[in-house]
Amino acid sequence: MERYLDATALRDAAAPDDAAAAQGWEESLGALCDWAHDVLGPVVTALEEALRPGGDRAKEPLRVVLVPCGRLGTVPWHVARGPGGPSPAYLCRTTVFSYAASGSQFLRTVRRAPRDPAAAPVLLADPTLGLTCAEVEVLALRNAFYPAARLCGGMFEVPEDELLPGTPDEVLGFLADGASLLHVASHGSAGVRPTVSALHLAAEPEGDRPAEAEGADPGDLTVTRLLDQPVHQQATTDGPLVVLGACRTDLSTRDHDEALTLTTAFVSGGARDVVGSRWTADDGTAALLMAVFHHYLNAEGLSPVDALRTAQLWMLDPGRGNPGSLSGVLLRLAERTDLDRVPLWAAFIHQGHPGPAGTRKTHEGGGPDEHEW
C-alpha cells in the first residue's frame with residue numbers, strides 16, 4: 001500500500017505523457033490488488049462458509065459492505081485478485097462489494113427507497129469541452145434510456161436553448177427539486193484537504209457566487225458546498241442515484257477515517273446510491289463502462305450496485321458483445337482488447353444501498369425491514 005501511494009504521488013506530479021510514471025503506477029496497483037486478495041480472500045471464504053454452509057454460491061453472490069479504516073480506504077478491495085493465469089480470480093466475480101464511510105451513514109442509506117432513474121434525470125457533460133468522450137457518453141445515455149433528460153454542460157450537437165451551463169447552483173437545484181438521476185461526465189479532483197475536493201463544472205455568474213468561491217474556482221462544486229447545502233433532506237424516504245463519471249471522486253488524500261470524498265458527501269446529503277472513482281479514469285473506456293452500466297440498470301432492471309458489477313465483469317469478458325445499446329464510437333471502443341487492464345475497468349465503486357433490485361420492504365410504521373435488503 002505504501003508503494004502504491006508513493007507511485008500515485010509520482011504519477012500525479014509527472015507530466016501527462018510520462019509513460020514511465022504511468023507504468024510504475026499501474027504495476028504498483030497490480031501488486032496492491034494481489035496483496036488485497038491475500039488479506040480479504042480468506043475473510044470472504046470464511047463468510048461464505050459461515051453464512052451459507054453447503055449452499056449454492058452461484059445462485060446469489062455474497063454481498064459485502066466495506067467500511068475501511070485509515071488508509072485502507074484507498075485500496076480497491078473489489079479488485080482483490082488471486083492467481084488465475086489469463087483470467088485472474090477477482091473477488092468481484094463471486095462477491096458484490098459496496099463501500100461506506102461509516103456504519104451510521106450506511107444504516108441511514110439503507111432506509112432510503114430508490115427512485116426510477118428515468119423519472120427526472122439530469123445528464124451533465126464537461127462544460128469545458130475538454131473531455132473528448134463526455135458528449136458521446138451523455139448523448140448515448142439520452143438516446144438509449146433518458147429521452148426526457150435535462151441536459152447541462154458543453155455539447156456541440158445540442159442547441160444552446162436546450163442546454164443549461166451546468167453550474168454548481170444548477171446541479172444542487174436539480175437535486176433539491178427531486179431529480180431521480182444525476183449523471184456527471186466531467187472533471188473531478190481530490191483536494192489537498194478533503195473539503196476542497198471538487199467536481200469542476202461551469203462557473204457561476206459573478207454576482208451569484210457563494211462566499212466560499214472567493215479565491216476558489218467559481219465552477220467548483222466542492223465537498224464543503226455539498227455538506228453546507230444538502231442535495232436532499234435526511235428525513236425523506238427515498239433518494240436519487242448520483243453517477244460521478246469523473247476522476248478521483250471517491251478518493252481522499254488525507255484524513256481517511258470516515259473519509260470525506262465527493263461520493264460520501266452526496267450520500268451524506270441524501271443520495272440513495274452514488275458511483276464514484278478511486279483514480280484518474282480513462283475518458284473513452286469510462287464512457288463505455290458508464291453506457292453498459294446504464295444498460296444493465298435500465299434494460300435489465302438491476303440495482304445500481306449490481307449494474308456496476310455486471311458492467312465491470314462485461315469489461316473483463318474477452319468474448320463481450322454488444323449488450324444491446326451500444327453504437328458508434330462506444331461500439332468501436334468495446335472491441336478494444338485491453339479492457340481487462342485494472343485501470344480501465346475497476347476505477348469505479350458503489351456507495352449506498354447494497355441490495356438487489358426490488359427487495360426493499362417496509363414495516364407497518366413505514367421503516368425498512370433490515371432483513372430484506
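The model is predicted, so local features need pLDDT of at least 70 and side-chain atom pairs count only at pLDDT 80 or more, while totals for chains, interfaces and linings use all residues. Residues are numbered from 1 along each chain as its sequence is written, and side-chain values use heavy atoms, with hydrogens and water left out.

**Overall make-up**

The chain has 11 helices and 16 strands. Helices (H or I, at least four residues) and strands (E, at least two) are DSSP runs, numbered from the N terminus. Of the 373 residues in the chain, 52% are buried. Buried means under 20% relative accessible area, exposed means over 50%, and partly exposed lies in between (1.4 Å probe, protein chains only). The chain exposes about 16100 Å², and carbon and sulfur atoms supply 53% of that area. Accessible areas come from the Shrake-Rupley method with a 1.4 Å probe; for residues, only the protein chains shown count as cover.

A contact means heavy atoms within 4.5 Å. Among the contacts with a separation of 6 or more, 74% are between residues 24 or more positions apart.

**Nonpolar cores**

In soluble globular proteins, nonpolar side chains tend to be buried together. A nonpolar core is here a set of buried Ala, Val, Leu, Ile, Met, Phe, Trp, Tyr and Cys residues joined through side-chain atoms within 4.5 Å. The largest such core has 69 residues, of which Leu-288, Phe-293, Val-342, Trp-345 and Phe-348 touch the most other members. Helix α8 (residues 283–298) gives the most to this core, with 10 residues. A second, separate core has 23 residues, including Leu-172, Leu-175, Leu-182 and Ala-265.

Helix α5 (residues 168–176) has Pro-168, Val-171, Leu-172 and Leu-175 as its buried residues. Seen down the axis of α5, these residues fall within an arc of 95 degrees, so they line one face of the helix. The arc is that of the directions from the helix axis to the C-beta atoms. The buried residues of α5 pack against the strands β6 (121–125), β9 (181–185) and β12 (220–222), and against the helices α6 (223–228) and α7 (262–268). After α5 comes Gly-178, whose phi is positive, near 100 degrees.

Cys-152 lies in strand β7 (residues 150–153) and is buried, at 1% relative accessibility. Leaving aside neighbours within four places in sequence, Cys-152 is in contact with residues including Val-122, Leu-124, Leu-163 and Phe-174. The C-alpha atoms of Cys-152 and Leu-163 are separated by 5.1 Å, and the two residues are 11 residues apart along the chain.

Asp-306 is found in helix α9 (residues 304–316) and counts as buried, at 9% relative accessibility. Not counting residues up to four places away in sequence, Asp-306 touches Arg-63, Val-96, Gly-355 and Pro-356.

**Charged pairs**

Side chains of opposite charge can pair when their charged atoms come close. A salt bridge is a side-chain nitrogen of Lys or Arg within 4 Å of a carboxyl oxygen of Asp or Glu. The whole structure holds 14 salt bridges, and the table lists some of them.

| Glu-26 | Arg-341 | 2.8 Å |

Salt bridges that share partners join Glu-26, Arg-336, Asp-338 and Arg-341 into one network. Glu-26 is partly exposed, at 22% relative accessible area, and Arg-341 is partly exposed at 33%. Glu-48 is buried, at 4%, whereas Arg-52 is partly exposed, at 22%. Arg-272 is buried at 6%, and Asp-273 is buried at 3%.

**A surface patch**

Trp-35, Val-39 and Leu-72 make a nonpolar surface patch of about 230 Å². Patches are made of residues with over 30% relative accessible area and no salt bridge; like charges are joined within 9 Å, and nonpolar side chains (Val, Leu, Ile, Met, Phe, Trp, Tyr) within 5 Å. Leu-72 lies in the loop between β1 (62–66) and β2 (81–82) and is partly exposed, with a relative accessible area of 32%.
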